[in-house]
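I opened this entry to record what I looked up, step by step. The structure comes before the notes.

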There are 2 protein chains.
Amino acid sequence: MFSKGNKDIQRLLVDSHSLSDLSSVIALLSWDQEVNMPSKGGAARAKQLATLSEIFHNKLISLKLPKVKTNNIYDLALIREMTKAKNRAKKIPTSLIKEFSETISLAQQDWQRAKKMNKFEVFAPSLKKVIKLKLQMAKLLKSKGQTLYDVMLDEFEPGLSETEISLVFNKIKIDLSKRVSELKVLTQNADKRIANKKFEVGTKVIFDMGYDLAAGRIDRSAHPFTTTFDRNDVRITTWENKRDFRPKLYATIHEAGHALYEQGLNPELDRLYLGEGGGLSGGVGMAMHESQSRLWENMIGRSEEFCNKYLSPETFKVVNVIKPSPVRVEADEVSYGLHIIIRFEIERELINGQIKVEDLPKIWREKYKKYLGIIPKNDAEGTLQDIHWAHGAFGYFPNYFLGSLIASQLLNTAKKQIDIYNFKLLREWLRKNIHQYGRIYTTKELLLKITGEDLNPRYFLDYIDQKFTKMYNLSK
Amino acid sequence: MFSKGNKDIQRLLVDSHSLSDLSSVIALLSWDQEVNMPSKGGAARAKQLATLSEIFHNKLISLKLPKVKTNNIYDLALIREMTKAKNRAKKIPTSLIKEFSETISLAQQDWQRAKKMNKFEVFAPSLKKVIKLKLQMAKLLKSKGQTLYDVMLDEFEPGLSETEISLVFNKIKIDLSKRVSELKVLTQNADKRIANKKFEVGTKVIFDMGYDLAAGRIDRSAHPFTTTFDRNDVRITTWENKRDFRPKLYATIHEAGHALYEQGLNPELDRLYLGEGGGLSGGVGMAMHESQSRLWENMIGRSEEFCNKYLSPETFKVVNVIKPSPVRVEADEVSYGLHIIIRFEIERELINGQIKVEDLPKIWREKYKKYLGIIPKNDAEGTLQDIHWAHGAFGYFPNYFLGSLIASQLLNTAKKQIDIYNFKLLREWLRKNIHQYGRIYTTKELLLKITGEDLNPRYFLDYIDQKFTKMYNLSK
């Protein structure tokens with residue numbers, strides 16, 4: 001742990017606590033905005049968020065960074081993350097931070113309105129403003145060799161670049177398309193009527209996963225999410241669906257997967273501000289974070305063992321129907337990757353100025369036609385389905401699919417050591433190997449440390465192939 | 001309104017906006033603590049509140065106050081309140097502010113626990129700590145001629161003193177006791193079984209009162225309260241009672257009465273920090289604020305006109321049964337004043353060091369025996385019933401009864417001008433005469449301006465006498 005005797009480190013910890021508190025408060029304001037706030041409260045909320053962002057930013061740029069010689073990995077991580085955060089902050093004027101904060105708060109409200117009204121035009125002006133400010137900030141933050149989109153990627157998963165993602169995605173998208181085509185046919189006869197059944201098992205599942213409700217709560221929101229105010233206050237939201245048990249169940253498991261990461265932090269890392277990463281500051285980066293949520297949602301939640309225990313044997317095929325649909329969060333786990341690749345390609349071009357905001361609905365439809373063979377019937381289930389861009393979270397989407405890839409690689413190692421369908425064993429394995437560390441190690445370091453190799457998408461394809469081969473008794 | 005052309009005033013308004021935002025955020029953290037926070041989240045929440053209080057305090061003491069020559073009442077009020085707030089803040093070290101903030105956050109959690117366990121001892125250590133810090137602050141704030149308790153009173157109703165309250169309370173308590181004894185007998189035969197009926201009219205009533213739910217929301221909490229984050233986000237809480245419709249209905253109306261005050265502020269006074277006063281910073285002071293809640297709760301909500309419209313004619317006698325009970329918030333409107341007088345006498349002696357915390361349950365029982373002829377059967381319905389002391393809100397209680405006195409004086413004037421049972425007319429009258437002004441006028445100024453005289457408790461006694469004389473056809 002952190003050096004107890006080092007005054008500079010101790011002072012830095014105190015500053016880190018204040019920053020962490022402010023960051024938690026900002027997260028609470030945002031959570032409340034999506035879960036509780038009355039409709040007219042939006043303008044004042046945007047101002048409150050702007051004022052807090054300004055205070056946070058000023059605190060960050062006036063941070064005193066010590067010169068400490070140490071081999072202690074905790075001290076080193078603290079100094080590394082605080083230095084990075086300060087250097088980032090110094091490049092952006094406070095007025096821009098404040099304007100951005102107010103803008104995204106209002107943009108989220110416009111997005112909600114637009115989605116309800118099913119009209120992209122209602123959201124477009126806000127989105128333009130968000131992009132303009134994001135670009136302004138990215139230009140100020142850009143280091144040599146980075147693209148503007150790289151800057152945005154780095155915010156959610158430190159060090160991630162568009163070149164790196166392209167390498168992975170361009171190769172795998174051919175494999176994915178091939179599998180979607182085959183599996184669509186193979187799985188089409190599963191008895192979909194079962195999806196109408198009510199399986200009210202979400203709460204039991206996440207309890208068994210180990211999500212501590214005395215240190216969390218479940219609410220509803222327009223878009224399910226997880227937010228952390230402290231290791232002991234990690235809240236998730238979900239949504240309702242009356243005609244199909246799957247969206248609610250899998251959203252709940254997904255968010256609980258995030259929440260376990262946050263609740264599993266080493267208590268000695270409590271109340272530390274360790275850099276960017278949305279409300280989920282406990283985790284190392286969003287690719288690793290999404291690996292946790294997608295691991296529980298899919299590799300566990302759509303397994304035969306899970307279905308037999310929590311649902312019924314015949315659901316196994318139903319929760320594994322491969323059928324391209326327009327909505328990402330309701331997608332099966334094979335076509336899901338293509339939803340992400342579509343978003344990656346679109347937002348990259350949007351940020352590089354090759355696409356105009358006005359054209360988004362059209363381009364969205366074209367890409368969905370091309371990659372998934374379907375056309376969203378309206379904006380609400382098309383361009384407006386995700387809240388991310390309203391948050392200014394460009395560069396977030398790739399982490400979902402990277403998360404799936406990481407998850408299968410992790411589980412490939414885990415299953416050699418434990419029974420991964422024993423929730424307690426799996427949770428403790430994840431906690432011991434990942435959760436406890438927060439941002440002490442990077443995602444790359446962790447993955448290498450645990451699995452002995454760098455990211456290898458092969459594990460995901462193998463996982464898919466093995467699953468369906470077994471499910472439908474195919475010969476290899 | 002504020003001078004548009006005056007740079008100093010404009011700069012002060014900007015600072016006032018930031019302070020107002022921070023104050024709203026602190027209010028949100030507290031609201032969430034009581035309404036949503038999971039049980040384990042308390043320690044981190046206390047830290048977050050402490051960090052924000054420190055930032056708020058530092059902002060206040062570094063405020064630049066302009067020397068402005070003006071006759072504009074808005075400018076004058078702004079300078080007056082900001083000067084007062086800064087001068088108060090300067091006297092208290094930041095470390096004490098921070099410690100106090102963390103202490104009351106934890107004390108509220110201990111109070112909740114103690115109340116559930118029905119054990120005063122669980123709360124006593126926290127309460128001692130709160131009192132110690134309150135005394136420390138009061139000593140630093142005390143001006144010449146003020147008692148320590150005066151300092152605390154001033155925080156909620158500027159300028160209020162214990163001498164002034166004693167004068168009013170000592171006189172009226174004899175009149176009250178007399179009426180409680182008589183009316184207890186007179187009203188004892190009302191058909192109390194009606195109280196078991198379900199009247200689910202709370203939401204309709206507060207809608208008719210004009211509480212704007214698009215700028216507010218209703219939740220449940222251990223103790224009903226109102227909190228304001230902005231004129232457009234004013235939230236109330238209430239509680240449940242399955243055996244009696246009255247507690248929930250009247251708590252709801254009471255809180256909505258507060259909320260109307262906040263929602264009725266002149267929009268040009270939005271986002272201004274105008275001094276102390278809990279979450280209810282829109283109002284001039286808590287005596288005036290409580291006059292609004294108690295006016296709607298009692299003078300309107302327990303009127304014959306109200307019962308005929310929202311409940312049923314036979315409820316009129318039931319909601320006006322005078323029967324001393326141990327719980328303040330469930331008390332009838334005549335014995336209510338005695339609940340307040342008990343608290344006033346106890347907290348005054350507690351602050352003056354004449355009572356020890358350990359002896360509170362005993363003294364509480366003695367006072368209830370003496371003034372109301374009853375003995376609370378346990379701590380939960382005795383000393384632990386109110387959250388106020390856990391908040392450090394010593395000096396708050398007197399405002400409830402002063403509120404009743406002010407309310408009857410206001411209505412005595414209003415009924416000469418409008419039909420007070422027409423909710424729309426009444427709300428607009430209150431808005432025009434009181435709500436819109438925020439803290440521009442003091443309570444004394446407002447009362448004099450509206451009714452032509454200073455506080456006169458006679459109106460309250462007359463109101464009670466007239467009501468029961470008519471209800472029971474007594475000859476005068």
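**Starting point.** I am working from a predicted model. I kept that in mind throughout.

I went to strand β2(A), residues 226-230. I asked how many of its five residues are buried. I found five of the five buried, so β2(A) is largely enclosed by the rest of the structure. Next I looked for its partner. Strand β3(A), residues 233-238, pairs with β2(A) in the antiparallel sense. I noted four bridges between them.

I then traced the strand order in chain B. The sheet is open, has three strands and reads β1-β3-β2, with mixed pairing. Which strands stand at the edges? They are β1(B), residues 218-220, and β2(B), residues 226-230. Each has a single partner strand, so one side of each is left without a neighbour in the sheet. Neighbouring strands are turned by 25° against each other on average, direction ignored.

**Chain B, strand pairing.** I looked at β2(B) against β3(B), residues 233-238. The pairing is antiparallel, over four bridges. For Thr227(B) I found the bridge partner Arg235(B), in β3(B).

**Chain B, helices on the sheet.** I asked which helix packs on the sheet and touches β2 and β3 of chain B. I found α9(B), residues 245-263, whose direction makes about 165° with that of β3(B). I also followed α1(B), residues 7-35, which lies across β1, β2 and β3 of chain B. This helix runs at about 140° to β2(B).

**Chain B, helix α2.** I checked the length of α2(B), residues 42-61. Its 20 residues reach 28 Å from first C-alpha to last, close to the 28 Å expected at 1.5 Å a residue. Is the helix mostly covered or mostly uncovered? I found α2(B) mostly covered, with 15 of its 20 residues buried.

**Between the chains.** I turned to the contact last. I found 31 residues of chain A in contact with 31 residues of chain B. On the chain A side, the elements that give two or more residues are α1 (7-35), α2 (42-61), β1 (216-220) and β2. I asked where the largest share comes from. It comes from α1(A), with eight residues. By class, I noted 14 nonpolar, nine polar and eight charged residues on the side of chain A that touches chain B.

How values were computed
Residues are numbered from 1 along each chain as its sequence is written. Chains are lettered from A and ligands numbered from 1 in the order in which they are written. This is a predicted model: local features need pLDDT of at least 70, side-chain atom pairs count only at pLDDT 80 or more; totals for chains, interfaces and linings use all residues. The expected span of a helix is 1.5 Å times one less than its number of residues. A residue is buried if 20 or more other C-beta atoms lie within 10 Å of its own, exposed if 12 or fewer, and partly exposed in between; C-beta atoms are placed from the backbone. Two strands pair if DSSP finds at least two bridges between them. Axes are lines fitted to C-alpha atoms, for helices over the stretch in contact, and angles run from 0 to 180 degrees between N-to-C directions. Two residues are in contact if their C-beta atoms, placed from the backbone, lie within 7 Å. Ala, Val, Leu, Ile, Met, Phe, Trp, Tyr, Cys and Pro count as nonpolar, Asp, Glu, Lys and Arg as charged, and the others, Gly among them, as polar.
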